[in-house]
Amino acid sequence: MTMNTLLTNLPILNESRTKDQIVNLLSFEWPLTLRKIHFKLKDGYGRNESYQAVYKTVKELTDEKILIRNGMEYCLNLDWLRNVKKLLSTIERNYTGGSKD
């Protein structure tokens, strides 16, 4: 199973949501300019959002500290990735430690 398959099968990464598609895209290609993100969403995901809509979504992800902007390019925030990893590890530990009835 490839990492792309793993990411797209996570329920927290809903393929119909532009935010999740941007996170998925930047998981494999980074850094990307806003223009490249917009193009790749249209080309690779068949999205029809306007450039302005993609800009707004990227700005929201940046404000939520999921993305980091460096100059004109965006990438995933490593601190956010570490927090997601920590959360998933905690959930796994809770589930493998025994049933909680």
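A: Let's start at His 38, which counts as buried because its relative accessibility is 14%, where buried means under 20% relative accessible area, exposed over 50% and partly exposed in between, with a 1.4 Å probe and protein chains only. Bear in mind that this is a predicted model, in which local features need pLDDT of at least 70 and side-chain atom pairs count only at pLDDT 80 or more, while totals for chains, interfaces and linings use all residues. Residues are numbered from 1 along each chain as its sequence is written, and side-chain values use heavy atoms, with hydrogens and water left out.

His 38 belongs to helix α3 (residues 34-45). Helices (H or I, at least four residues) and strands (E, at least two) are DSSP runs, numbered from the N terminus. Setting aside neighbours within four places in sequence, His 38 is in contact with Glu 49, Ser 50, Tyr 51 and Val 54; contact here means heavy atoms within 4.5 Å.

Now for the core. The largest nonpolar core has 15 residues, and those with the most contacts inside it are Ile 22, Leu 26, Ile 37, Val 58 and Leu 67. Such a core is a set of buried Ala, Val, Leu, Ile, Met, Phe, Trp, Tyr and Cys residues joined through side-chain atoms within 4.5 Å. The elements giving two or more residues to this core are α2, α3, α4 and β3, and the largest share, four residues, comes from α2.

So what about α2 itself? Nine of the 11 residues in α2 are buried, among them Asn 24 and Leu 26. Asn 24 is down at 3% relative accessibility and therefore counts as buried. Asn 24 and Leu 76 sit 52 residues apart in sequence and 9.7 Å apart in space, C-alpha to C-alpha. Leu 26 touches Leu 32, Ile 37, Leu 67, Tyr 74, Cys 75 and Leu 76, not counting residues up to four places away in sequence.

One partner of α2 is another helix. The axes of α2 (residues 18-28) and α4 (residues 51-63) come within 10 Å and cross at roughly 70 degrees. Axes are lines fitted to C-alpha atoms, for helices over the stretch in contact, with angles from 0 to 180 degrees between N-to-C directions. The two helices are therefore roughly perpendicular, a label for 65 to 115 degrees; under 35 is roughly parallel, over 145 roughly antiparallel and the rest oblique. Thr 18, Lys 19, Ile 22 and Val 23 in α2 meet Thr 57, Val 58, Glu 60 and Leu 61 in α4.

Then there's the sheet. Three strands form an open sheet in the order β1-β3-β2, with antiparallel pairing; two strands pair if DSSP finds at least two bridges between them. The edge strands are β1 (32-33) and β2 (67-70), each pairing on one side only. α2 packs on this sheet, touching β1, β2 and β3, and its direction makes about 90 degrees with that of β3. Two bridges join β1 to β3 (residues 73-76), including Thr 33 with Glu 73. Four bridges join β2 to β3, with Ile 68 partnered by Cys 75. The hairpin of β2 and β3 has two residues between the strands, and Gly 71 there takes a positive phi near 70 degrees.
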